[in-house]
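This briefing goes through the chains, their contacts and their cores by topic. Please keep the sequence and the structure at hand while reading.

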Amino acid sequence: MIGAATLAELRAALGAANVRTGPTELGLYRRDASNMYGAAAVVCLPESTEQVQACVAIADRHRVPFVARGSGTGLAGGAVPPDGAIVVVTTRLNRLLSVDPVNRRAWVQPGMLNLDLSRQLAGHGLHFAPDPSSQQTCSIGGNVANNAGGPHCLADGVTAAHIMALKVVLPDGTLTVLGGDDPEPDGYDLRGVFVGSEGMLGIATEVCVRLTPNAPAVTTMLFDFATVEDGAETVSGIIAAGIVPAALEMMDNLCLQAVEAYIHAGLPVDAAAALLVEVTGLPHGLAADTERIVEIARAHGVRTVRVAADEAERMLLWKGRKSAFGAIARIQPDYYLHDTVVPRAALPGVLRQVYEIAQRHDLQVPNVFHAGDGNLHPLLLFDARVPGTLERVHQAGEEIVRASVAAGGVLSGEHGIGLEKRDYMPLMFSAVDLAAQESLRRAFDPHGLANPGKVLPSPATCAEVARVPAEVAEQSWI
Amino acid sequence: MDLDPSIDEFAAEVGPDGPVTIAGLATRGGPVDGVRTVMAPVGVADVQPAEMTVRCGAGTPVDELDAALAIHGQAVAIPPSGTVGGALAVGRSGIRRLGYGPVRDTVLQVRYVNAAGEVVKAGGPTVKNVSGFDLCRLMVGAHGTLGFLVEVILRTRPRAPFEQWYVTDRPPADVQRALYRPTSLLWDGTYVWTLLEGNADDVAAQAQTCGLEPADDPPELPTGGRWSLPPGELGGLAGTGRFVAELGVGIVHHEHPPPERPVDPAVAELHRRIKHEFDPTGRLNPGIQIL
């Protein structure tokens, strides 16, 4: 599909060793952590901004689609290559370029791993606030593309709030800076639209991130409830009381049972829901917030209150939350993870619908999610070896997405739209709304070469929700 | 309460053709002269304290919104005066940006009227959302050149139980390192003023540790020009005239207008294309140059 001239130019620009067309590489890069796949023509491994620029310029010259790829941990198919595309892998661009610890910002390359950045900043008492559950393996560039979230985004905001400037290669190969490390660059907020654009407006090659001071003190609590409603009302009560915890995570009964069987942390396996609450800050405010949060939980019928006495107990409580996915693998070999957001007040009602949908399709659906911002993560468990199962999983998933949007929610809180939810976009946006998003895309990429076919439904599929090719994910994260 | 006028009435007023400009309360420059003027709907439509969100008409005065939220102990990080839509269209933050974040981060969903007179929705009503391109941020700071804001959903924040301004003559970097999440840090070349918020005992303890003296108010801000510098370059302001700089942010309130800044041709070209896509005939707030 890709021409010999294109390949020759790529090899000349990057060196033959960094331009791969073998079946192993093409197979490896045909998918991300979702269950969808494409067919790359060539995989490029640039080692500098100039080499990224060369890849894009060559793609533009030959009118070949290209897709940027970080660690490939995305769950919505955003990095799945369009057929015949040039895959531009950013993993070798993984350096921390500069740090200003006083003004709390750093320039980093896009292939740097999220957790590596925070580790390298530990000596300054700083960290990068977005902490998706894949943070050990996901890249900053991927975080930018997906506007990634994580448990601690409740208080500190998602990736968009932590990106000051981006050096980007535009789809025609031009290199420029969007935003700035000054606070009010002139003109439109091009930085703002680039974040979360899922690789469709160009490729970032350097990222100026805002850094967050590590909290001087932290308190972690675990509550459990006889009903999901009690847990959800506790969440709403905490927020309405003017407290924004650093994290507010919920696990339902099925999830608690699975996790306890796996890690034996003394979790309440007979509870309908458990709530993990973490507050951070200075000591007096922390004590006052903790006391108030416990009062609110008691007012909503909390059964047991467990406040971590020390760091070891705190880690144990978090271990329960973070082990959910490993634990669930013991119930069924496969899972399909969804990601929608609903108003906090709608959580109990939508969860009830999730349970009904699960029952109707004969599926087990444990839930472990960011309750503080209403970000649901139903896990549809199944065994792909059983014929017909995948169809039920997809049908149930679609019903969950529809129920979330009908409750005043949105299609995705942090995983993005990619291929997975592209054809659901009309559930949330009118044709006029989508046309406006198309205009932005056209302004950046008139020839439509940057990661085409993602996010925006083509007019042909607007009318009905179409299927994307699917196979089963072996591993994924939330 | 309902918006007045309604969203559809406002869209009809904007209409599909002819030059048109949007007016608010004229605290940030006002509409374009000599062009047909429209005003966005007014009204705080829906306060949701447990969601930490509020929906209001873009023509709502910031003070009116603030009063409606104060009842629930909440606020939005939009600087006072004028209308909500005007503050967003201009996109400038207040002196509490260090603690509250920039104005653009408060916007969850917008409805705007496009150049064809249609109502367009961008973003979503929940506090977390990555569904589609972030056109909300494109509208913030666009000065009404891409569409006229009609109705917005904003993220609110809790009001702090206590706040106090302090002043010190310690070097700026020392103060920046020593304080945990101050709401504001202002420097005039000699003194550093800081606003601390939160639990009163925590505030007092921080002030004592850092040797801060209580101050009644922040310093008066020079109004000759608003500069935007990388915060690491604020030290270079010495000798440029009278100024108050926002440490850790980079906004400088200066007695002189800001120095000219070069515009990257690639960025200029993107602006031209975006304007052409969103307003091909240049009818919205004609004549306003945003670069």
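Two strands pair if DSSP finds at least two bridges between them; helices (H or I, at least four residues) and strands (E, at least two) are DSSP runs, numbered from the N terminus. By that rule, β15 (residues 243-246) and β16 (residues 251-254) of chain B pair in the antiparallel sense over three bridges.

This is a predicted model, in which local features need pLDDT of at least 70, side-chain atom pairs count only at pLDDT 80 or more, and totals for chains, interfaces and linings use all residues. Residues are numbered from 1 along each chain as its sequence is written, and chains are lettered from A and ligands numbered from 1 in the order in which they are written.

**Sheet in chain B**

- An open sheet of seven strands in chain B runs in the order β13-β10-β12-β11-β15-β16-β14, with antiparallel pairing.
- Its edge strands are β13 (213-215) and β14 (225-228) of chain B, each of which pairs on one side only.
- From one strand to the next, the twist averages 25° (axes are lines fitted to C-alpha atoms, and angles run from 0 to 180 degrees between N-to-C directions).

**Domains of chain A**

- Chain A is divided into domain 1 (1-214) and domain 2 (215-331); these bounds come from an automatic or database domain assignment.
- The C-alpha centres of the two domains of chain A are 34 Å apart.
- Five residues of domain 1 of chain A are in contact with seven of domain 2 of chain A, contact being C-beta atoms, placed from the backbone, within 7 Å.
- The domain 1 side has three nonpolar, two polar and no charged residues (nonpolar: Ala, Val, Leu, Ile, Met, Phe, Trp, Tyr, Cys and Pro; charged: Asp, Glu, Lys and Arg; polar: the others, Gly among them).

**Interface of chains A and B**

- Contacts join 72 residues of chain A to 63 residues of chain B.
- Among the elements giving two or more residues to the chain A side are β9 (175-179), α8 (228-240) and α10 (283-299) of chain A.
- The most comes from α16(A), with nine residues.
- By class, the chain A side holds 36 nonpolar, 24 polar and twelve charged residues.

**Nonpolar cores**

- A nonpolar core is a set of buried Ala, Val, Leu, Ile, Met, Phe, Trp, Tyr and Cys residues joined through C-beta atoms within 7 Å, and buried means 20 or more other C-beta atoms within 10 Å of a residue's own.
- The largest nonpolar core has 202 residues, and those touching the most other members are A:C44, A:C55, A:F66, A:I86, A:V88 and B:L149.
- A second, separate core of 24 residues includes B:L179, B:L186, B:W193 and B:V252.

Definitions and conventions: Contact = placed C-beta atoms within 7 Å. Buried ≥ 20, exposed ≤ 12 C-beta atoms within 10 Å, placed from the backbone.
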